[in-house]
Amino acid sequence: DLNARKEEEMADSLVRESATYEDGSGRYRLSNEAKSYTQQYSHVYAARLWMLKPGLVARARARWPSATVVDRIVSAASVEGEVAIVGTTFKEQTRPNVLDEYRSEVLHTEEDQEAPIARYEAGADDAIALEDESGRLQLRGKVAVARMVTGVTVAVRGTLTAKGELEVREMLGPGFLPPATTRPATTNTKKRVLLLSDLLGQRTFDAKFALLCDWLNGSLGGDSGGSGDSGDSAARSVVRCFVAGDVGGDLSEAFALSQQLPRSKAGLKASSSSHNARDDDGRQGAAAQGSSSSSSFSSESQQLCALRDSDVAIARLCAMVPVDVVPGESDPTNASLPQQPVHPLLTPHAARYSTFVAATNPHECTVDGHLVCGHAGQPVKDILKHADYEESSLKEEEEDPLASKDARRFFGHAGDPPDPDCLCVQRAGDGPDDSFLAALEDTLYWRHLAPTAPDSLPAYPHRETDPFVLEDVAPRLLFAGGAPHFATSLATNKDHILTRIVALPSFANTGIAVLVDLETLNVDQLQFNPDHHQLQHHQAA
């Protein structure tokens with residue numbers, strides 16, 4: 001490939017910063033020998049509660065010294081006065097119609113449009129219950145039903161009513177994890193990671209991707225990367241690239257076709273007949289007979305080009321910078337979380353590079369000593385199907401003076417006091433609402449990347465552990481692909497700035513890529529504009 005060789009030569013001439021790298025996604029990888037679907041999904045919720053309960057009990061005792069903290073829900077009946085209970089939420093609601101979602105996706109696909117993210121519609125009978133291994137307790141009072149989803153581990157303070165329900169006075173989540181005790185040594189050189197989502201979309205290589213490659217190899221020039229960096233200086237600072245899901249558009253369909261084509265004898269015969277007909281002008285009958293089948297076979301071959309184009313596109317990036325490819329819902333791998341890496345036989349060009357990492361979804365790694373965590377966005381989209389963030393955001397601004405578009409508290413709605421230890425600040429974005437970003441922030445606060453799995457989001461039935469629980473230390477960077485627009489914020493506690501949170505829109509549709517400095521957590525939004533053949537830069541925070 002002439003372009004790949006040219007980019008390799010340009011990359012060799014551009015002296016790029018380097019960074020140490022360690023893949024930390026071992027808990028998301030499933031071996032074929034260990035896979036088993038005989039166990040019940042209840043083990044996942046039991047493991048989740050077991051992993052998060054000790055920290056929540058400690059927070060509840062510190063926050064509510066006058067309340068009696070019980071070990072199990074069934075023990076609350078014997079307590080007089082205020083009681084504090086730790087459990088997992090279950091939301092009773094009218095479930096979204098799967099057929100309606102399917103029809104919407106098909107309609108937008110036929111019209112060559114991106115299907116909008118499904119939104120939750122509140123029902124009059126929606127309610128929240130708290131569960132553990134001993135039973136279920138209905139919650140009433142200060143409960144933000146519209147905002148809550150199934151699968152969140154929380155601590156609740158309240159009093160039991162005569163009906164056996166809990167009149168809630170305050171709720172508390174696990175909160176942000178503490179920062180790492182040892183921080184990497186600071187350097188005078190800038191080291192950034194580049195974040196992308198939906199690299200090619202429904203297209204093959206287009207002008208936006210070409211501009212991205214030109215910028216990475218230092219040939220685009222211009223002011224990009226903030227703080228007066230020149231184009232090649234900003235490109236030189238990129239030590240790693242993360243592609244968050246949907247690498248090549250409809251790869252799942254292309255993969256299914258690749259399995260069918262070898263067994264399609266009719267298609268092969270039709271193609272052969274058409275080929276022979278072109279060689280022999282006298283065989284008009286054979287050409288007419290195979291015309292319809294041949295066109296169908298040709299159409300299938302064109303769809304398979306998406307797989308090849310995505311492979312070549314990733315290979316072009318790998319020629320310039322290390323690349324971690326996180327699969328998404330349209331990529332050729334398993335549909336349930338955690339999604340396994342795309343098989344190397346499907347990426348023969350990219351797999352030749354030592355800089356290529358076929359990652360899991362979710363993905364976790366350490367870059368220069370900084371913990372990076374991200375996924376393709378399915379958990380956030382599923383949360384938005386079962387929770388109303390737009391209405392809740394307006395109520396928060398009315399009830400909490402610190403809540404605004406630029407800062408956000410947690411559990412400061414439905415009249416209950418907000419969590420004083422956790423705050424998201426410097427919230428910024430391009431779109432009309434912050435629902436996607438708010439849901440992503442909540443997963444960090446809940447210490448769980450996919451709380452609605454396996455209830456409404458397909459997931460593997462782990463038995464001994466829940467791999468989506470965030471443990472030990474706060475990630476330095478948390479990103480999610482599939483967002484409707486770019487948005488970002490900073491998660492903080494009383495003493496530290498903890499995590500940069502980034503919601504990534506489709507690069508294929510918007511041309512937007514994001515640069516994050518893992519040391520300072522500064523964010524630069526890059527937009528590759530093919531209409532003016534230039535790069536537009538905006539320093540988000």
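**Note on the predicted model**

1. Asp 198 sits in the loop between strand E8 (192-196) and helix H4 (207-216). Helices (H or I, at least four residues) and strands (E, at least two) are DSSP runs, numbered from the N terminus. Phi of Asp 198 is near 55°, a positive value in a residue other than glycine. Asp 198 is buried, at 12% relative accessible area. Buried means under 20%, exposed over 50%, and partly exposed in between (1.4 Å probe, protein chains only).

2. Basis. This is a predicted model, in which local features need pLDDT of at least 70, side-chain atom pairs count only at pLDDT 80 or more, and totals for chains, interfaces and linings use all residues. Residues are numbered from 1 along each chain as its sequence is written, and side-chain values use heavy atoms, with hydrogens and water left out.

3. Gln 426 also needs a look. Its phi is positive, about 50°, although Gln 426 is not a glycine. This residue is in strand E15 (residues 423-429). Gln 426 counts as partly exposed, at 41% relative accessibility. Most residues other than glycine have a negative phi, and most peptide bonds are trans.

4. Cis peptide bonds. The bond from Leu 337 to Pro 338 is cis, with omega near -10°. Pro 338 is in the loop between strand E10 (323-326) and strand E11 (356-358). The bond from Ala 453 to Pro 454 is cis too, with omega near 5°. Pro 454 lies in the loop between H11 and strand E16 (477-483).

5. Helix packing. H9 (residues 378-386) packs on H11 (residues 435-445) at about 110°, with the axes 9 Å apart. That makes the pair roughly perpendicular (65 to 115 degrees; under 35 is roughly parallel, over 145 roughly antiparallel, the rest oblique). Axes are lines fitted to C-alpha atoms over the stretch in contact, and angles run from 0 to 180 degrees between N-to-C directions. Val 380, Lys 381, Ile 383 and Leu 384 of H9 meet H11 residues including Phe 436 and Leu 440. Contact means heavy atoms within 4.5 Å.

6. Sheet. Eight strands form an open sheet with mixed pairing, in the order E1-E12-E13-E16-E18-E17-E15-E14. Two strands pair if DSSP finds at least two bridges between them. E1 (21-23) and E14 (407-408) are at the edges with a single partner each, so one side of each has no neighbour in the sheet. E12 (residues 363-367) and E13 (residues 370-375) run antiparallel, joined by five bridges. Val 367 stands opposite His 370 in E13.

7. Overall. The protein has 12 helices and 21 strands. Of its 541 residues, 52% count as buried.
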